[in-house]
Amino acid sequence: MRCMALWTDFAAAAPRIAEVFTRRHAATGYLCMLGTLRPDGFPRISPMEPRFLEGDLWLVGMPDTAKFADLRADPRFALHTATTDTRVTEGDAKLWGRVEDVRDEALHQRFAEAVYEEIGLDLRGQRFDQFLRADIVGAASVAVGEHMDVTTWREGRAETVVRKH
């Protein structure tokens with residue numbers, strides 16, 4: 001039995017947060033900030049561009065980086081949409097969970113083809129050392145209008161919205 005949610009499961013269970021995440025993710029050119037745990041236990045924050053493919057959120061990037069070494073040692077992560085607006089008028093979202101390394105060469109090549117078509121980066125034919133699917137256990141978003149709505153979600157529960165005045 002899964003104790004985590006794939007993106008499609010998450011988006012169905014937490015549509016408000018998923019909408020803010022996908023909108024902010026696209027608006028920043030897919031830039032997010034990834035939080036991992038360093039070998040000494042301290043957090044590491046790294047920029048990355050997670051991608052959606054076939055209903056899942058993938059954390060794939062340059063091999064042999066510290067952030068991916070962190071995830072090999074401890075699969076827990078946090079991912080936050082990039083923001084430069086201190087008023088958060090466009091909202092922001094964060095999610096957390098664990099990654100799972102998916103060893104499927106055909107999937108890797110479909111991903112490489114999608115990246116090439118989208119941004120022209122040619123990864124086709126290359127082998128991926130890690131191909132990490134985000135399994136989500138919790139998430140939160142902030143939406144600011146007349147009020148500030150803080151929406152939270154945990155696996156197995158419904159979204160909860162707290163309005164702050």
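The following legends describe close-up views of a predicted model.

This is a predicted model, in which local features need pLDDT of at least 70 and side-chain atom pairs count only at pLDDT 80 or more, while totals for chains, interfaces and linings use all residues. Residues are numbered from 1 along each chain as its sequence is written, and side-chain values use heavy atoms, with hydrogens and water left out.

**View 1. Leucine 34 in strand β1.** Leucine 34 belongs to strand β1, residues 32-37; strands (E, at least two residues) and helices (H or I, at least four residues) are DSSP runs, numbered from the N terminus. Leucine 34 is buried, its relative accessible area being 0%. Buried means under 20% relative accessible area, exposed over 50%, and partly exposed in between, with a 1.4 Å probe and protein chains only. Beyond its neighbours within four places in sequence, leucine 34 is in contact (heavy atoms within 4.5 Å) with residues including Arg44, Ile45, Leu59, Leu71 and Phe77. Arginine 44 lies 10 residues apart from leucine 34 along the chain, and their C-alpha atoms are separated by 7.9 Å.

**View 2. Helix α2 and its buried side.** The buried residues of α2 are Ile17, Ala18, Val20, Phe21, Arg24 and His25. They lie on the same side of α2 because they cover an arc of only 165° around the axis, the arc being that of the directions from the helix axis to the C-beta atoms. Just after α2, glycine 29 has a positive phi of about 65°.

**View 3. Two loop residues with positive phi.** Glutamate 54, in the loop between β3 (51-53) and β4 (56-59), has a positive phi of about 50° although it is not a glycine. Aspartate 64 is located in the loop between β4 and α3. Although aspartate 64 is not a glycine, its phi is positive, at about 60°. Aspartate 64 is exposed, with a relative accessible area of 72%.
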